[in-house]
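Let's take a walk through this one. Have the sequence and the 3D view open side by side as you read.

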Amino acid sequence: MATFRFTVGPWNVHEGTETFGPGIRPTIPLEEKLKTFAEIGLDGVQFHDDDAVPDMNNMSEKAIIDYATDLKATLDKYGLFAEFVAPRLWFDARTNDGGFTASRKEDYDFAIWRAKRSIDIAKALGTNKIQLWLAREGTLCAEGKNPVEKIIQLRDAINTILEYDPNVLVLIEPKPNEPIDRSYCGTAGHALGLGAYTVDPGRVGVCIESAHSVLAGLDPANDMAYALALDKLWGVHLNDQNGMKYDQDKTFGVDNLRAAFNQVKVLYENNFGDRGKFECVGLDVKAMRTQPAEDCYRHIQNSKRIFELLLEKATRFDYKLQAECVKTHNFERLEMYVMELLMGV
Ligand code: XUL
Ligand code: MN
């Protein structure tokens, strides 16, 4: 059976800040989060570049690497590994109009500087995975950019990342919208298509996030299957989403249990996780704003538990019955079998 390793990012334990209200839970220092992650049975941690090195914009390249090296020692202390580093190109004023698709050269150069520093940080933390959630790479004002030029510029930025370090793997985490209106690279198909036109397509894969697939009107399990079929599923961000609205990052499976089951099933059937410690089950979930500070890791624990319970169901899936139903086209019978399996009948 596949070995599943669970990871989260420090941002998955947060103050509850959203568009309509400020933080309502106290900020937890990084080391305290790491300690708790280990205690609740997580294996690794995902980082934005500035989760790992908060003041990086004001630090020398050497100081950034030294700071990250100290963080690696802290991770080791708690028996955790770093899964990936993601340049956070959506916070800084210089990336308000996109980073890799910025219109001003100095803004683009800043985005590339952050991407290169992310690679340095990843190396110091012991991982070669760079994740790109292309948050503002698109437009709010449709006429504000030349889309063809910008998509080529995005490809060139990925080339620069690949050329900076021959060991780096780039995982694109596609999302169709939010915070921008229209993404230039909104689905797994877009991401892998773009990857195929880089200098080294073998080093570009995807991380599929359940909520992002739903926001694109797609089925998360099928998006994972698409990437698995092409040997490109290098990460997942499991969570849940009530329809095509804002990105909710709900606890895995709480809204769409059958869809969650099929995500676990496709990962299980294809031995996701067997290709080394960096092929992880990321839980990109956020606690509800109402959640009390003293129990603010529960959404992570619940997501992991729901995954494990669904995994147990997946291991018991009756493939003989499935084959019979497929042969006779009796999908009503198959569907009811799945419902009973999930309902514990
Ligand atoms: C945004 C999202 C991010 C990335 C990491 O929707 O999912 O948390 O996963 O940058
Ligand atoms: Mn994500």
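## A polar pair at Asp 51

A polar contact here is a pair of N or O atoms within 3.5 Å, and within protein one of them must be able to donate a hydrogen and the other to accept it. With that in hand, look at Asp 51 and Arg 88: their side chains are joined by a polar contact of 2.8 Å. Keep in mind that this is a predicted model.

Asp 51 sits in helix H2, residues 49-52. Its side chain also reaches the backbone nitrogen of His 48, at 2.8 Å. Is Asp 51 buried or exposed? Buried means under 20% relative accessible area, so Asp 51, at 14%, counts as buried.

## Around ligand 1

Which side chains put a polar atom 2.9 Å from an oxygen atom of ligand 1? Asp 247 does, through an N or O atom of its side chain, and Asp 284 does too. For Glu 173, the distance from a polar side-chain atom to an oxygen atom of the ligand is 2.7 Å. On its own, ligand 1 would expose 290 Å², and the protein buries 94% of that.

## The manganese site

Ligand 2 is a manganese ion, and its protein donors are Glu 173 (OE), Glu 209 (OE), His 237 (ND1) and Asp 284 (OD), at 2.0 to 2.2 Å. If you want to spot the donors in the sequence, look for the spacing E-x35-E-x27-H-x46-D. The arrangement is octahedral because the 6 donor atoms around the ion subtend angles of 79 to 172°.

Glu 173 lies in strand S6 (residues 169-173) and Glu 209 in strand S8 (residues 204-209), so this pair ties together parts that are 36 residues apart in sequence. Both glutamates are tucked away: Glu 173 counts as buried at 5% relative accessibility, and Glu 209 counts as buried at 2%.

## Out at Arg 316

Now for another part of the chain. Arg 316 is in the loop between helix H10 (298-315) and helix H11 (319-327). Its relative accessible area is 46%, so Arg 316 is partly exposed.

Definitions and conventions. Residues numbered from 1 in each chain as written. Chains lettered and ligands numbered in written order. Predicted model: local features only at pLDDT ≥ 70, side-chain atom pairs only at ≥ 80, totals over all residues. Heavy atoms only, no water. Areas by Shrake-Rupley, 256 points an atom, 1.4 Å probe, with all protein chains shown as cover. Donors = N, O, S within 2.8 Å, 3.2 Å for Na, K, Ca; no water. Tetrahedral: all angles 85-135°; square planar, octahedral: opposite > 155°, others 65-115°. Helix = DSSP H or I, 4+ residues; strand = E, 2+ residues; numbered from the N terminus. Buried < 20%, exposed > 50% of the residue type's maximum accessible area, 1.4 Å probe, protein only.
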